[in-house]
Every structure is written in structure tokens, then in C-alpha cells.
Protein chains: 2
Amino acid sequence: MARHREFDEDKVLDALRDVFWQYGYDGASYAQIMAATGLQKGSLYAAFGDKKALYHKAIARYDGDAVSGAVKMLKDDTLSGEQRISRLMDALIKDAETPQGRWGCLLCNAATDMSPFDSEIEDKVMAIKQRVKSAIKTALKTTSNPNATELVWAAYFGGRILIKAGATKATLRALKKQVLSVIA
Amino acid sequence: MARHREFDEDKVLDALRDVFWQYGYDGASYAQIMAATGLQKGSLYAAFGDKKALYHKAIARYDGDAVSGAVKMLKDDTLSGEQRISRLMDALIKDAETPQGRWGCLLCNAATDMSPFDSEIEDKVMAIKQRVKSAIKTALKTTSNPNATELVWAAYFGGRILIKAGATKATLRALKKQVLSVIA
DNA sequence: ACCATAATTGACCGATTGGTTAATAATAAG
DNA sequence: CTTATTATTAACCAATCGGTCAATTATGGT
């Protein structure tokens, strides 16, 4: 018995995710958010809440697609452990030298940008991080070095940051080779 | 034939470095810069230039102490290559779970915060990064795996970010162990 | 003592920040 | 058609952003 929403919630959430992904929490202004979503501040506020709430939605969105996809692959037992880590590193190489790659990883960004200031975000990010690390551990179980979780995680996390900082595909390929040699 | 400077330039540069280190370029407001340096905006502008110039000074300062110290150690041929990488990772462990550790690495922060937007900063950071990677390469020359530069660099860079994201000393110790096993 | 020079201060600038809200528009129920 | 409910818009808010500058203060040379 009232007016309908004019926007596509899925598209708005994707746009939210992308804006915070690119610019971070502080870096994303309402001007950019409005341009990306096509909504006015008031609509955003009414539909989702304040900026922090928008950020939470963006992280949940990222968790639901990018992260979940990676976790699923890392736990896919139709692949060998080595193959799974290889694919994980391939994802890095694929993103190097691309605009999206230079956005980094939304969760890594969130972990470094916000965590000292907002405990809710910190908890959420920490939980997702643990899920990924656990998935890496699962993948490593059948390899020659099942204790390399921290190394693989640091290399992956570090690789994302390196890409953000402008590293080339060649650099990432070298990193992959060395990581694989540890677990081969 | 004119008034003297009332401030200690060394202390002001240290304060500048610390503020940008903690908060990043955008995150550091003049209110914080003024509080940390004890100077008014006008004095800062007269003495050093605008905010971007202050940031350059901060990076140069960081390069001159923290980075140069690490590079010197990595090239110290009174130590074995393995010892040098061990010490590099020890520095990470020492910083984990400390306030300063959670500031991250000023250069890594600069590389990820600013590089897409300011080519001067990008060039400067890239040059310093190459110096460190080259020092790592030198240290690795006498080890069993002289091609592990990218891995060590990614682990170090990644470790810095992990610390910023709240990783424990135990996590960093595990990372160190795994890195050393690659070059032992 | 006087003056030229430089350091310092604090007020002020326009622009932008995140956030709020009254007015308007659209819809479904009665 | 009328009315209650909700979505949407655009104007507005105080606070803060980086930056500027005239006025003040302190110094060394003459």
C-alpha cells in the first residue's frame, strides 16, 4: 500500500561494493557513492542506514561473491592441493596490471584501513580472514608441506598488495613459482 | 638579520613522518599535523610547502632511517645470507602486536594509498622499493635459493600488512620459519 | 635606537564532508 | 476518488577540509 522502490537492490549493492573497494571507507565520498549507485543520499540512508552501514553491506557483498568463490575452489577435492594453490596464485597473476587488480582486495583494504578504529568491522574481517586461511589449510593437507598456511596466506595477501602497488604479471609469476616450490 | 626558527627541524620531521605513517596522506588532517608538530599551518607552509610537500618530507625521513637501516643490514657481509633474512623477519616479529607495528610500513602504505593518483610519489616509492628488493637479492646470493627474492619480498611486505591487520607474534614466527626453510 | 628581514600566529576563505529533513511523488487499500 | 504509506528528491545543516594572508613578534645589521 505504498510506493515501490525504483532501484535494483543487487545493482546498488554491487556499486556500493565497487566504490568502497576502490576508494576505501574514508576515501569514498557520498558524491562518489551517489554517482555509482544512481541514488540520492536520502534514499541510501532510508534504505540501508548511514555510511558505516553501507560499508558493512559492501563487505558482506564482497564476502558473498569473491571470497566465497575462492574458498569453494580451495576446498574442491576434485583438485589436488597443489592445483588449488596454483589456481589461487593464478587469480593474482590474472589481476596484476589491471584496473580491478589495483583496487586490491576489499577485505585486505578493510583490515588495514578500518580495523584499528572500528571493532565491528575488525571482527567481521577477522572472521572472513580465518575462513580463507582455514580453506588454504585444507588445500595444503595433501601437499608435501601442510604447515605452509602462514606462508601461502602471507604471499597471497602480500601479492594483492603488491598488485595494488603496481607489480607486474612477471613479478607475480615469480612469486607463484616460488610458492609452489615450497609445497611441491 | 631576521628572526630565528623556534622549532627543532629534526623533531618536526619525525613528527611529520609519524603522523603520515599512522594515518596516511588523506587521513592525516592539519589538526593532527599541527598537534604532532606543535606548529601552526602557516609555519608549516612557510617552512616546507603544502601538504603534498610535507608528505614527501615524511617519506624521505622514513627512507633515511627505517629503510636505510634495513638495507644496510641486508648488505652486511659479516652476516650470512640466512642470518640477514632471519633478522629481517625478526624485525617483523618484534613489531607484531605493538602500536607502531599496526602503523604498518610507511612505504607500503604510500604505495597502496597514493600511487594511483600521484606519479611523483609513485616514482619515489618505486625507487625505494627497488633498493630494498635489490638488498634482499644481495642477501640471498649466498643462500641455497638465490631466486627467492620475490617470495621474501612478498612475505615481508605481506607480513607488514598482516601486522597492521592485527596478526599475532605467533603468526609472524610461523611465517619466518617457513621463509627460512625456503632458503636454508 | 632604528630598520629590514624572517618566523609565527590566528583569523578567515571557499569547498567539501557526512548527515538530516521537509516537501513531493507514487502506489495500494478502502 | 480519497487516504495512508512509502520512496524519492533537493535543499539545508554544522563541522571539517586544505590553503592563504595580514598582523604581530623576534632577530641581526647599521
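1. Is A:Glu122 buried or exposed? At 18% relative accessibility A:Glu122 counts as buried, where buried means under 20% relative accessible area, exposed over 50%, and partly exposed in between (1.4 Å probe, protein chains only). A:Glu122 forms a salt bridge with B:Arg102, with the closest N and O atoms 3.4 Å apart; a salt bridge here is a side-chain nitrogen of Lys or Arg within 4 Å of a carboxyl oxygen of Asp or Glu. Because A:Glu122 lies in helix α7 of chain A and B:Arg102 in the loop between α5 (81-95) and α6 (106-113) of chain B, the pair joins two chains. B:Arg102 is partly exposed, with a relative accessible area of 25%.

2. On the basis of the note: this is a predicted model, in which local features need pLDDT of at least 70 and side-chain atom pairs count only at pLDDT 80 or more, while totals for chains, interfaces and linings use all residues. Residues are numbered from 1 along each chain as its sequence is written, chains are lettered from A and ligands numbered from 1 in the order in which they are written, and side-chain values use heavy atoms, with hydrogens and water left out.

3. Chain A comes to nine helices and zero strands, helices (H or I, at least four residues) and strands (E, at least two) being DSSP runs numbered from the N terminus. The C-alpha trace of chain A spans about 60 × 35 × 30 Å along its principal axes, and buried residues make up 52% of its 184 residues. Among contacts in chain A (heavy atoms within 4.5 Å) between residues at least 6 apart in sequence, 71% join residues at least 24 apart.

4. The contact between the chains takes 28 residues from chain A and 28 residues from chain B. About 2,400 Å² is buried between chain A and chain B, of which carbon and sulfur atoms give 66%; buried area is the accessible area (1.4 Å probe) that two parts lose on being put together, summed over both. On the side of chain A that touches chain B, α6 (106-113), α7 (119-140), α8 (149-164) and α9 (169-183) of chain A each supply at least two residues, and α8(A) gives the most, with ten residues.

5. B:Glu150, in helix α8 (residues 149-164) of chain B, is buried, with a relative accessible area of 14%. Leaving aside neighbours within four places in sequence, B:Glu150 is in contact with A:Thr171, A:Ala174, A:Leu175, A:Gln178 and B:Lys133.

6. Within chain B, B:Asp90 forms a salt bridge with B:Lys176, the closest N and O atoms being 2.8 Å apart. B:Asp90 lies in helix α5 of chain B and B:Lys176 in helix α9 of chain B, so the pair ties together parts that are 86 residues apart in sequence. B:Asp90 is partly exposed at a relative accessible area of 33%, whereas B:Lys176 counts as buried at 17% relative accessibility.

7. In chain A, A:Arg17 forms a salt bridge with A:Asp14, with the closest N and O atoms 3.4 Å apart; the two are three residues apart in helix α1 (residues 9-27) of chain A, and are therefore separated by about one helical turn. A:Arg17 is buried, with a relative accessible area of 12%, and A:Asp14 is partly exposed, with 27%. Both belong to a network of salt bridges that links A:Asp10, A:Asp14, A:Arg17, A:Asp18, A:Arg61 and A:Asp65.
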